[in-house]
Amino acid sequence: MAFTSNDVRISDDSKELHFNKHVDYIANHGNDKNDYEYCMTEFLRMSGIYWGVTGLDLMNELGRLDKASIIEFIKKCQCPVTGGIAACEGHDPHMLYTLSAVQILVIYDCLDAIDTELVAKYVASLQQLDGSFFGDKWGEVDTRFSFCAVAILSLIGRMDVMDVEKAVTFVMSCCNSDGGFGSKPNAESHAGLIYCCVGFLSITDQLHRLDCERLAWWLCERQLPSGGLNGRPEKLPDVCYSWWVLASLTIIGRLHWISSEKLENFILSCQDAETGGFADRTGNMPDIFHTLFGLGALSLLGDKRLKPVNPTFCMPQYVIERCNLKPKVIVL
């Protein structure tokens, strides 16, 4: 049992997915360019578009967005020198937003809208001698960027430009005695970073390196009495960890180790019944980030109103199959 001093109370009322309200919430997100939230989130605009595109595709409502304007925006955000893609026009390119842009274009089946050879060059330029990756030219190292690198390169078909062996060695050097992973060697285990490292090993066909039993126990201990999942011991539950933890458990074949019913009730309790969208936890304001990961988690739990989601890429499964990608999962 996880530490339980930090948790939330949720209603025992039966809950339903407010499907149409979520569609409207995502489709209308960012339409008001003068909105305070829109102006203050310019630094992650590209990822916001990815969250919306993926969420609507999972609900089979992708047509609600303006595909042409989204693709044009991405083209304007690619740096013609480095090949990396920024969060917004005029910003520096970064690995995180390069991945978001590639994911959007792959969903739309429009990768030819950007120079993918330059993208491959950009990602390769950020790999270091120890196998780690910088997030951008400023030199931050984090296992998130190792995942971004292999996800980008696999989606564009250019895994050949990186040193996979060294990259795997670095990621495994970030594995802790509890079976989890941190951002770098000797850093605390964290569910979001575990997802990145497990996803990395799924793409590189190295899942055999995991101590799955130990890791799965650590992940399962993230479930609190409310049904929600936290990212570390003693933290509050949060809808986004419904994705990070569930996806990791799915990849290592142990989704059944947690209470799916209690988690589903927690996720549904975080919906905004008036505006649509999901919040981090019950009673808070919804946002596009938690909305995608709430929907993604419900898809992993088998909600038939949603398309199947791929646990490694957090993209619709049909898209991954269309790309002929086969990220590994463990089947017990």
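This report walks through the overall build, surface, charges and cysteines of a predicted model.

## Overall build

Let's start with the fold as a whole. The protein chain contains 14 helices and two strands. Its radius of gyration is 19 Å, close to the 20 Å that the globule rule gives for 332 residues, so the chain is as compact as a globular protein of that length. Along the principal axes, the C-alpha atoms occupy a box of roughly 55 × 50 × 35 Å.

Taking contacts in the protein chain with a separation of 6 or more, 69% are between residues 24 or more positions apart.

How much of the chain is buried? Of its 332 residues, 57% count as buried. The accessible surface of the protein chain is about 14,300 Å², and carbon and sulfur atoms make up 50% of that area.

## Charges

On the charged side chains, you will find 29 positive and 42 negative ones in the protein chain. The centres of these two sets are 3 Å apart.

## Cysteines

If you are wondering about disulfides, the count here is zero. Cys 110 is in no disulfide, and the nearest cysteine sulfur, belonging to Cys 323, is 12 Å away. Cys 110 has 13% relative accessibility, under the 20% cut-off, and therefore counts as buried.

Cys 196 is in no disulfide either: the nearest cysteine sulfur is that of Cys 197, 6.6 Å away, whereas a disulfide needs the sulfur atoms within 2.5 Å. With a relative accessibility of 9%, Cys 196 also counts as buried.

Terms used: Residues are numbered from 1 along each chain as its sequence is written. This is a predicted model: local features need pLDDT of at least 70, side-chain atom pairs count only at pLDDT 80 or more; totals for chains, interfaces and linings use all residues. Side-chain values use heavy atoms; hydrogens and water are left out. Helices (H or I, at least four residues) and strands (E, at least two) are DSSP runs, numbered from the N terminus. The radius of gyration is taken over C-alpha atoms; the globule rule is 2.2 Å times the number of residues to the power 0.38. Buried means under 20% relative accessible area, exposed over 50%, partly exposed in between (1.4 Å probe, protein chains only). Contact means heavy atoms within 4.5 Å. Accessible areas come from the Shrake-Rupley method with a 1.4 Å probe; for residues, only the protein chains shown count as cover. Lys and Arg count as positive and Asp and Glu as negative; His and the chain ends are not counted. The place of a charge is taken as NZ of Lys, CZ of Arg, CG of Asp or CD of Glu.
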